[in-house]
Structure formats: structure tokens, C-alpha cells
Amino acid sequence: TSQEYPSSRTTPATLALDDHLAKDEPLSLVMDEAVVYGKYDNWEGHPQKEKYLKNQVVKPVLEEHHKPEKLDTIFEVIRQQKEYK
């Protein structure tokens with residue numbers, strides 16, 4: 001329900017990130033912003049663009065928040081979100 005999420009969670013993508021990042025609101029917000037502004041257009045299905053997004057955008061954010069072990073999981077969550085296409 002909406003009571004389970006902070007008011008900043010308004011889209012399916014931010015809700016999915018929040019779920020997979022153990023409701024870590026600051027990390028979820030930073031990750032969403034990093035993906036929105038760091039991805040290339042039409043990145044999905046393009047190996048070089050996917051590699052860039054994963055290793056140059058998502059990975060540094062997770063490392064900064066001491067959660068590098070979540071890289072593959074979070075990248076798959078990002079791939080599934082229409083908002084990030």
C-alpha cells in the first residue's frame with residue numbers, strides 16, 4: 001500500500017528500486033536519478049550502452065552506498081522498468 005512507501009515513491013520504477021534496496025530511501029532516490037540522467041537513449045539490447053549503464057552509472061552508486069553485491073539484481077530491476085527505456 002502507499003503507506004509502506006515514502007511519498008517520494010510515485011512511479012513503478014521507484015517502487016521497484018525501493019523494494020530491492022531494502023527500503024533505503026536515499027539510495028533509491030540517488031539510483032533513480034542516476035539511471036534517468038546517466039543512461040543513453042535506446043540502451044537496452046545494445047551491449048556497449050548496457051555495459052556503460054551497469055558499470056559507469058549503477059555500480060558507482062551502489063559502491064558509494066556500500067552495496068556492491070546488489071549490482072546484478074538492481075541492474076535486472078532497471079532493465080524491467082519501462083520508465084528507464
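Which residue's side chain meets that of Glu76 in a salt bridge? The side chain of Arg79 does, with N and O 3.2 Å apart. Here are a few notes on this and on the rest of the model.

1. Ground rules. This is a predicted model, in which local features need pLDDT of at least 70 and side-chain atom pairs count only at pLDDT 80 or more, while totals for chains, interfaces and linings use all residues. Residues are numbered from 1 along each chain as its sequence is written, and side-chain values use heavy atoms, with hydrogens and water left out.

2. A salt bridge here is a side-chain nitrogen of Lys or Arg within 4 Å of a carboxyl oxygen of Asp or Glu, and the structure holds 6 of them. Helices are DSSP runs (H or I, at least four residues; strands are E, at least two), numbered from the N terminus. Glu76 and Arg79 are 3 residues apart in helix α4, so about one helical turn separates them. An α-helix has 3.6 residues a turn, so residues three or four places apart point the same way. Glu50 also belongs here: salt bridges that share partners join Glu50, Glu76 and Arg79 into one network.

3. How open that pair is. Accessibility is classed by relative area (buried under 20%, exposed over 50%, partly exposed in between; 1.4 Å probe, protein chains only). Glu76 is partly exposed at 37%, and Arg79 is partly exposed at 24%.

4. Two further salt bridges. Asp19 and Lys23 meet through their side chains, at 2.8 Å from N to O. Asp19 is partly exposed at 39%, and Lys23 is partly exposed at 41%. Another salt bridge joins Lys67 and Asp24, whose closest N and O atoms are 3.8 Å apart. Lys67 sits in the loop between α3 (47-64) and α4 (71-79), and Asp24 in the loop between α1 (12-20) and α2 (25-38), so this pair ties together parts that are 43 residues apart in sequence. Asp24 counts as partly exposed, at 21% relative accessibility.

5. Helix α1. Its buried residues are Ala13, Thr14, Ala16, Leu17 and Asp18. These buried residues pack against α2 and α4, with contact meaning heavy atoms within 4.5 Å. After α1 comes Ala22, which has a positive phi, near 55°.

6. How α1 meets α2. Two packed helices are described by the angle between their axes and the distance between the axes. The axes of α1 and α2 come within 9 Å and cross at roughly 135°; axes are lines fitted to C-alpha atoms, for helices over the stretch in contact, with angles from 0 to 180 degrees between N-to-C directions. That makes α1 oblique to α2 (under 35 degrees is roughly parallel, over 145 roughly antiparallel, 65 to 115 roughly perpendicular, and the rest oblique). From α1, Thr14, Leu17 and Asp18 make the contact, and from α2, Glu25, Ser28, Met31 and Asp32.

7. Aromatic pairs. The whole structure has 2 of them (ring centres of Phe, Tyr or Trp, its six-membered ring, within 6.5 Å; planes under 30 degrees apart are stacked, over 60 edge-to-face, the rest tilted). Tyr40 and Tyr52 have ring centres 5.0 Å apart and planes at 55°, so the pair is tilted. Tyr40 lies in the loop between α2 and α3 and Tyr52 in helix α3, so the pair ties together parts that are 12 residues apart in sequence. Tyr40 is partly exposed at 42%, and Tyr52 is partly exposed at 33%.
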